[in-house]
Amino acid sequence: MSVMDAIKTRKSVRSFLDQPVEDEKLRTILEAGRLAPSASNRQEWRYVIVRDRETRKKLAEAANWQTFVGEAPIVIVACAETDNHVMDCGQLCYPIDVAISLDHMALVAAELGLGTCWIGAFNEEKVKAILDIPEEVRVIELMPLGYPVDSTTKIKNRLPLNMIVKYERW
Ligand SMILES: Cc1cc2nc3c(=O)[nH]c(=O)nc-3n(C[C@H](O)[C@H](O)[C@H](O)COP(=O)(O)O)c2cc1C
């Protein structure tokens, strides 16, 4: 599958089959995240992989009771172990870098026939307490991972290029 095909195939999956994800596929997905670029190659991303059913259920509760989060066989908890470095452009590195890494993972998951969903609606303190994540570590996103119930391609509702791209000047 080409990268563009993976981008077109990836969609938010909110319904998962009760089917485990092969260790080899998980490893390939994590490897894609590991190889991502980051500002000054800081690599501040850290991942907690949760397979335990009870823990997944607790994470779903911490994610504003989005129950589908706990129904996936794996929840990837994307964190940052960070010194809060700000780039010269004024932007914090770690949310950008973790997002790039996690998106690499979501695209490879799509290539491997797996579904994901970005989850930003969660209570960070609750997630930290559930997983014993140290105070100084930030939790950036949750990402359920598993085989989708519906693997058909979804039409993407997106702004047209002429609304988001300007050439030469704003
Ligand atoms: C940073 C981020 C946070 C998101 N948080 C949630 C969430 O908490 N719950 C949810 O169901 N979807 C969440 N989404 C999924 C978006 O709603 C979805 O990506 C968007 O509607 C486009 O649909 P698509 O992913 O199927 O292309 C999030 C997506 C992003 C990128």
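Helices here are DSSP runs of H or I with at least four residues, strands are DSSP runs of E with at least two, and both are numbered from the N terminus.

A quick word on the model itself. This is a predicted model, in which local features need pLDDT of at least 70 and side-chain atom pairs count only at pLDDT 80 or more, while totals for chains, interfaces and linings use all residues. Residues are numbered from 1 along each chain as its sequence is written, and side-chain values use heavy atoms, with hydrogens and water left out.

## The sheet

Let us start with the strands. Strands of a sheet pair through backbone hydrogen bonds, either parallel or antiparallel. In this model, four strands make an open sheet in the order β1-β2-β4-β3, with antiparallel pairing. β1 (45–50) and β3 (115–116) stand at the edges with a single partner strand each, so one side of each is left without a neighbour in the sheet. Two strands count as paired if DSSP finds at least two bridges between them.

Here are the pairings in brief:

| Strand pair | Bridges | Sense |
|---|---|---|
| β1 and β2 (residues 74–80) | six bridges | antiparallel |
| β2 and β4 | seven bridges | antiparallel |
| β3 and β4 | two bridges | antiparallel |

V48 stands opposite V77 in β2, I74 faces L145 in β4, and G115 is opposite G146 in β4. Strand β4 (residues 138–146) is mostly covered, as eight of its nine residues are buried. Buried means under 20% relative accessible area, exposed means over 50%, and partly exposed is in between (1.4 Å probe, protein chains only).

## Around the ligand

Next comes the ligand. It is surrounded by 15 residues, the closest being S12, R14, Q66, K154 and R158.

An N or O atom in the side chain of R10 is 2.9 Å from a ligand oxygen, and a polar side-chain atom of R14 lies 2.8 Å from an oxygen atom of the ligand. G120 uses its backbone: an N or O atom there lies 3.0 Å from a nitrogen atom of the ligand. Taken alone, the ligand exposes 620 Å², and the protein buries 64% of that. Such areas come from the Shrake-Rupley method with a 1.4 Å probe; for residues, only the protein chains shown count as cover.

## Salt bridges

Side chains of opposite charge can pair when their charged atoms come close. A salt bridge is a side-chain nitrogen of Lys or Arg within 4 Å of a carboxyl oxygen of Asp or Glu, and the structure holds eight of them.

One links R53 and D18, with the closest N and O atoms 3.9 Å apart. R53 lies in helix α3 (residues 53–62) and D18 in the loop between α1 (3–9) and α2 (23–34), so the pair ties together parts that are 35 residues apart in sequence. Both R53 and D18 are exposed.

Another joins E124 to K128, again with 3.9 Å between the closest N and O atoms. These two are four residues apart in helix α6 (residues 124–131), which means that about one helical turn separates them. E124 is buried at 15% relative accessible area, and K128 is buried too, at 5%. Elsewhere, salt bridges that share partners join R42, E44 and D83 into one network.

E44 is buried at 5% relative accessibility, whereas R42 is partly exposed at 26%.

E44 also brings us back to T82, whose side chain makes a polar contact with the side chain of E44 (3.1 Å). A polar contact is a pair of N or O atoms within 3.5 Å; within protein, one must be able to donate a hydrogen and the other to accept it, and residues adjacent in sequence count only if both atoms are side-chain atoms. The T82 side chain also reaches the backbone nitrogen of N84 at 2.9 Å. T82 counts as buried, at 17% relative accessibility.

S38 sits in the loop between α2 and β1 and is buried at 14% relative accessibility. A polar atom of the S38 side chain lies 3.0 Å from the backbone nitrogen of Q43.

Terms used:
Near = heavy atom within 4 Å.
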